[in-house]
Amino acid sequence: MTSLRPSQISPSVLTAGAVTFTVFAWASAFVSIRSAGAAYSPGALALGRLLAGSLVLAVLLLIRRQGLPPRGAWRGILISGAVWFCGYTVALNWGERLVDAGTASLLVNTGPILMALLAARLLGEALPPRLLSGMAVSFVGAVVVGLSMSSGGSTSTSVLGVVLCLLAAVAYATGVVAQKPALSFGTPLQITAFSCMTGTVACLPFAGQLVTELPKAPVSATLNMIYLGVVPTALAFITWTYALARTPAGKLGATTYAVPAIVVLLSWALLGEVPGWLTLLGGVLCLTGVAVSRYRPRPAR
């Protein structure tokens with residue numbers, strides 16, 4: 001029995017696998033952020049997460065013998081690292097302390113819409129009707145998930161929390177659009193690694209908080225912080241940049257609408273939180289929209 005080598009697997013299958021892993025990893029991050037955020041402040045959690053991610057990525061760079069990326073990639077790396085890796089992470093960590101998970105998920109999932117609009121404006125990407133239709137369906141699903149999860153919580157919505165989650169969405173969209181041209185010069189590993197390291201440097205002002213909070217934090221919170229750095233950051237960002245190099249930014253961004261649906265399933269499986277029918281309906285709409293946006297009819301023979 002022979003096993004398939006990566007070179008023997010269809011590029012479309014590899015891209016789909018990369019997208020699937022990224023979406024599941026990023027969905028799991030919402031659960032881990034909620035756990036680690038009880039012991040770590042937003043900036044300290046962001047720095048600890050990026051330090052863990054940078055360490056893993058540095059080891060992968062050495063193993064793969066990939067050095068510094070070409071000069072043309074650095075503009076995208078610096079913008080993506082400062083805005084997405086640092087800004088998005090800090091804003092989301094802070095926002096999730098002030099609003100409930102449903103509201104945060106709803107607000108952050110405005111990012112793909114901004115991403116598609118920015119990609120069309122700055123990168124000249126097309127906005128086909130199927131993509132717009134799928135995004136509309138998924139956005140409605142995200143609204144349903146957000147409203148259903150918000151109605152059952154006891155945490156009141158904070159205006160500052162809403163603003164922070166919207167800032168996270170803007171940082172997310174800006175980082176992706178800035179990262180796309182950089183992939184024309186460097187490999188996905190190079191772009192991810194040096195973007196993460198740039199974000200780590202930008203988060204260094206929070207080093208004092210991390211040093212103070214680390215000895216007091218429970219082991220479970222620290223393990224969640226390390227997990228955030230290794231899986232949703234280091235590994236998932238590599239698979240994301242791999243897919244981004246082969247897919248239009250707007251179309252790829254639409255796939256992240258599946259995140260709220262997966263968050264619901266993970267909360268159900270790991271935390272024992274049984275979703276209501278309205279939440280399940282919203283999850284189905286999210287996944288349906290993603291399917292519509294990524295559907296490509298077979299050419300007629």
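The model is predicted, so local features need pLDDT of at least 70 and side-chain atom pairs count only at pLDDT 80 or more, while totals for chains, interfaces and linings use all residues. Residues are numbered from 1 along each chain as its sequence is written, and side-chain values use heavy atoms, with hydrogens and water left out.

The protein has 13 helices and zero strands. Helices (H or I, at least four residues) and strands (E, at least two) are DSSP runs, numbered from the N terminus. The order of elements from the N terminus is α-α-α-α-α-α-α-α-α-α-α-α-α. The chain holds 301 residues, of which 51% are buried. Buried means under 20% relative accessible area, exposed over 50%, and partly exposed in between (1.4 Å probe, protein chains only). Contact means heavy atoms within 4.5 Å. Of the contacts between residues at least 6 apart in sequence, 91% join residues at least 24 apart.

Helix H2 covers residues 42-64, and helix H8 covers residues 188-202. The two pack at an angle of about 145°, with axes 9 Å apart. Axes are lines fitted to C-alpha atoms, for helices over the stretch in contact, and angles run from 0 to 180 degrees between N-to-C directions. The crossing of H2 and H8 is left-handed, a term used if the near helix is turned anticlockwise from the far one by less than a right angle (right-handed if clockwise). H2 contributes Leu-47, Leu-50, Leu-51, Gly-53, Ser-54, Leu-57, Ala-58, Leu-60, Leu-61 and Arg-64 to the contact. From H8 come Leu-189, Gln-190, Thr-192, Ala-193, Phe-194, Cys-196, Met-197, Gly-199 and Thr-200. These residues comprise 12 nonpolar, six polar and one charged. Ala, Val, Leu, Ile, Met, Phe, Trp, Tyr, Cys and Pro count as nonpolar, Asp, Glu, Lys and Arg as charged, and the others, Gly among them, as polar.

Thr-192 of H8 is buried, at 0% relative accessible area. Beyond residues up to four places away in sequence, Thr-192 touches Leu-57, Phe-85, Ala-234, Phe-237, Ile-238 and Thr-241.

The length of H2 agrees with expectation: at 1.5 Å a residue, its 23 residues should span 33 Å, and its end C-alpha atoms are 33 Å apart. The expected span is 1.5 Å times one less than the number of residues. Just after H2, Arg-65 has a positive phi of about 55°. Most residues other than glycine have a negative phi. Arg-65 sits in the loop between H2 and helix H3 (74-95). Arg-65 is exposed, with a relative accessible area of 78%.

Ser-80 belongs to helix H3. Ser-80 is buried, with a relative accessible area of 0%. Apart from neighbours within four places in sequence, Ser-80 contacts Phe-85, Gly-175, Ala-178, Gln-179 and Ser-195.

Leu-164 lies in helix H7 (residues 159-182). Its relative accessibility is 7%, so Leu-164 counts as buried. Ala-91 is 73 residues away along the chain, yet the C-alpha atoms of Leu-164 and Ala-91 are separated by 5.3 Å. With neighbours within four places in sequence left aside, Leu-164 is in contact with Ala-91, Trp-94, Gly-95 and Leu-98.
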